Protein chains: 2
Amino acid sequence: MNLSRTATLGEIGEFPLIAAITEKVSLGADVRVGPGDDAAVLAIGDAVVMSVDVLVEGVHFRRDWSEARDVGRRAVAVNVADIEAMGARATGLLVGFSAPKDLPVGWVLDFADGLTYESQAAGVSLLGGDVTRARDITVAVTALGSLEGRNPVLRSGARPGDLVAIHGRLGWAAAGLAVLGRGFRSPRVLVEAHRVPQVGYGAGADAARAGATSMIDISDGLLADLGHVARASHVLIDLGRDAFELAEPLHAVAAATGADPYTFVFTGGEDHALAATFPALDAVPAGWLVIGAVGTADDDRPQVLVDGAVWEAPAGFDHFRS
Amino acid sequence: MNLSRTATLGEIGEFPLIAAITEKVSLGADVRVGPGDDAAVLAIGDAVVMSVDVLVEGVHFRRDWSEARDVGRRAVAVNVADIEAMGARATGLLVGFSAPKDLPVGWVLDFADGLTYESQAAGVSLLGGDVTRARDITVAVTALGSLEGRNPVLRSGARPGDLVAIHGRLGWAAAGLAVLGRGFRSPRVLVEAHRVPQVGYGAGADAARAGATSMIDISDGLLADLGHVARASHVLIDLGRDAFELAEPLHAVAAATGADPYTFVFTGGEDHALAATFPALDAVPAGWLVIGAVGTADDDRPQVLVDGAVWEAPAGFDHFRS
């Protein structure tokens with residue numbers, strides 16, 4: 001279907017929009033019913049993993065800072081990261097899309113392109129969704145995954161003696177946001193890291209097969225999210241600052257803004273790296289970086305330390321208090 | 001956890017809010033991991049049915065016309081209706097909740113009460129969700145269901161000779177909305193039908209077991225939604241106006257507003273009744289009302305008629321054009 005890209009949603013209406021979005025969808029072999037019925041049907045093994053994430057214009061993205069395609073890619077990536085963090089393989093997505101009437105159709109088509117591109121990169125099928133009107137663009141993506149017979153890797157499984165390792169980048173998205181907030185567009189790699197997180201598809205299932213005892217998606221910041229692991233597992237987590245190699249662009253932004261570059265690494269959110277614990281060094285898969293160890297929580301006080309001390313800085317992001 | 005009901009979301013923050021909502025959640029036997037990890041895990045048969053619906057303040061509900069509890073109940077009901085319409089049993093829900101900072105905590109607690117109440121009525125488990133900030137309250141609910149070994153009942157399976165039947169009320173929600181739009185609060189049963197649709201939980205699975213050939217959730221209006229069935233099945237659907245018994249409150253509202261009461265029945269959305277086709281009268285389960293028959297589409301023109309003629313009226317709802 002050929003839609004005018006400059007027409008608005010109010011001009012073309014709901015159903016032509018849905019048709020234009022769904023005609024490009026490609027479905028995996030495990031999809032029994034895709035878009036177009038009351039619900040989608042997925043043939044999946046013995047257990048289904050599912051998670052939802054919501055992206056809101058003005059909160060998670062700005063139309064002047066991110067292209068529509070980037071918003072679509074990001075919506076897929078952040079949701080698949082949650083499925084990865086359970087040690088599962090993501091298989092399907094549903095998209096709840098809300099937008100104002102005066103949004104140009106071209107924006108939605110580019111957004112759908114981004115959804116499609118990143119879904120193929122992640123190996124998941126777009127199964128359907130819901131389209132409705134709203135004042136702000138709001139994207140609610142639900143991801144489904146299969147454990148392929150494995151047990152889920154929970155936040156509560158870390159044990160004293162385990163090693164802590166991460167897969168992926170930390171602090172890049174936060175540094176990119178800091179750059180954009182000051183009116184700059186470079187270093188470009190950081191700005192792009194804010195626009196589309198680089199999720200290591202398959203790394204979560206790799207970690208599960210390797211025997212990871214706990215795992216989490218780092219969305220709010222490393223210290224905040226490992227705090228969830230420490231509390232769920234009733235352990236102490238101690239990280240070594242020297243384990244991290246700071247990338248050159250992080251140094252550059254830190255120098256330009258007067259910030260400690262480690263603040264980005266320890267408290268920056270939205271990179272969607274994975275953090276996991278492993279029972280021994282030889283269990284840590286290739287591509288993972290060991291950053292610390294799990295110990296016994298003193299007086300049953302679970303916490304996360306850096307080189308044995310509390311990190312003095314805001315430790316994460318709260319959606320209503322920021 | 002005791003939260004001040006008059007505190008705002010900005011004052012209490014995201015995590016205490018989530019804790020207050022999830023502490024009341026009860027989980028079904030098929031839930032392996034509920035709220036609190038990166039994703040939920042559900043043990044389900046050989047195929048998973050899933051659907052998402054989004055409710056937006058100012059579009060689907062107004063805070064002065066619906067209590068928070070009703071919005072929560074409705075969010076569950078409309079999503080479970082989609083799972084029912086596939087002939088499946090709904091088992092789990094994820095809720096993506098967005099709201100402004102200045103929303104009183106009490107509203108969210110009442111909303112969560114409604115979610116919990118209706119989930120128990122529908123026999124589904126609340127599995128988790130995402131909470132974020134937005135200008136308007138936006139509720140994106142994803143429902144999952146199990147086919148319990150049956151085939152899904154699609155929109156495309158209606159065949160000439162089948163009978164068309166419905167389960168549930170039609171026109172009540174639209175009549176309730178018409179009443180509210182004129183500043184009235186009665187007939188109360190209609191206003192309540194707008195606030196919380198009465199979904200016949202289990203009716204979809206009953207129809208599937210009875211051999212329904214096609215089925216759809218009536219969300220946009222009977223003629224609009226049966227139009228989807230007619231096109232997907234390449235058939236003609238002919239309804240009999242006299243098959244419907246008009247409830248007294250519909251007569252009253254029609255008389256008061258000068259409307260034809262059948263306009264509510266044929267074009268009113270949001271009651272979430274089910275429409276299905278059955279191969280014979282003795283296959284129609286108890287509780288279903290036969291309203292028409294399936295015929296061959298002339299010149300391959302699938303359509304829905306009333307007493308053999310096109311119904312002259314707006315046939316459904318478009319989110320961006322209304």
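**Exercises on a two-chain model**

A:Ile237 sits across from A:Val304 of E12(A). This is a predicted model, in which local features need pLDDT of at least 70 and side-chain atom pairs count only at pLDDT 80 or more, while totals for chains, interfaces and linings use all residues. Residues are numbered from 1 along each chain as its sequence is written, and chains are lettered from A and ligands numbered from 1 in the order in which they are written.

**Exercise: a strand and its neighbours**

Work out which strands E9(A) is joined to by bridges, and in which sense each pair runs.

Step by step:
- Start with the labels: helices (H or I, at least four residues) and strands (E, at least two) are DSSP runs, numbered from the N terminus. Two strands pair if DSSP finds at least two bridges between them.
- Go to E11 (residues 289-296) of chain A: five bridges link this strand to E9(A), and the two run antiparallel. In this pairing A:Asp238 has A:Ala293 as its bridge partner.
- Now take E12 (residues 303-306) of chain A, which runs parallel to E9(A) and is joined to it by four bridges.
- Finally, check burial. Four of the five residues of E9(A) (residues 235-239) are buried, so the strand is largely enclosed by the rest of the structure.

**Exercise: a helix in its surroundings**

Find out how many residues of helix H5 (residues 172-181) of chain A are buried, and which helices they pack against.

Step by step:
- Count along the helix: eight of its ten residues are buried, so H5(A) is largely enclosed by the rest of the structure.
- Name them: the buried run goes A:Trp172, A:Ala173, A:Ala174, A:Ala175, A:Gly176, A:Leu177, A:Ala178 and A:Val179.
- Look for the packing partners, with two residues in contact if their C-beta atoms, placed from the backbone, lie within 7 Å. The buried residues of H5(A) pack against H6 (188-195), H9 (248-257) and H10 (261-267) of chain A.
- Past the helix comes A:Gly183, with a positive phi near 90°.

Describe how domain 1 and domain 2 of chain A meet.

Step by step:
- Get the bounds, which come from an automatic or database domain assignment: domain 1 covers 9-146 and domain 2 covers 163-306.
- Their C-alpha centres are 26 Å apart. Domain 1 brings 19 residues to the contact and domain 2 brings 18.
- On the domain 1 side, H3 (68-84) and H4 (105-122) each supply at least two residues, and H3(A) gives the most, with nine.

**Exercise: two chains together**

What relates chain B to chain A, and how many residues does each bring to the contact?

Step by step:
- Superpose the copies by least squares on the C-alpha atoms of residues with pLDDT of at least 70 in both. A rotation of 180° with 0.0 Å of shift along its axis puts chain B on chain A, at an RMSD of 0.0 Å. That is how a two-fold axis relates its copies.
- Turn to the interface: 57 residues come from chain B and 57 from chain A. On the chain B side, strand E3 (residues 47-56) has the largest share, nine residues.
- Compare the two sides: 100% of the interface residues of chain B are also interface residues in chain A, so the copies meet through the same surface.
- Find the pairing between chains: E3 (residues 47-56) of chain A and E2 (residues 40-43) of chain B form four antiparallel bridges, with B:Leu42 as the bridge partner of A:Val48.

Notes: Buried ≥ 20, exposed ≤ 12 C-beta atoms within 10 Å, placed from the backbone.
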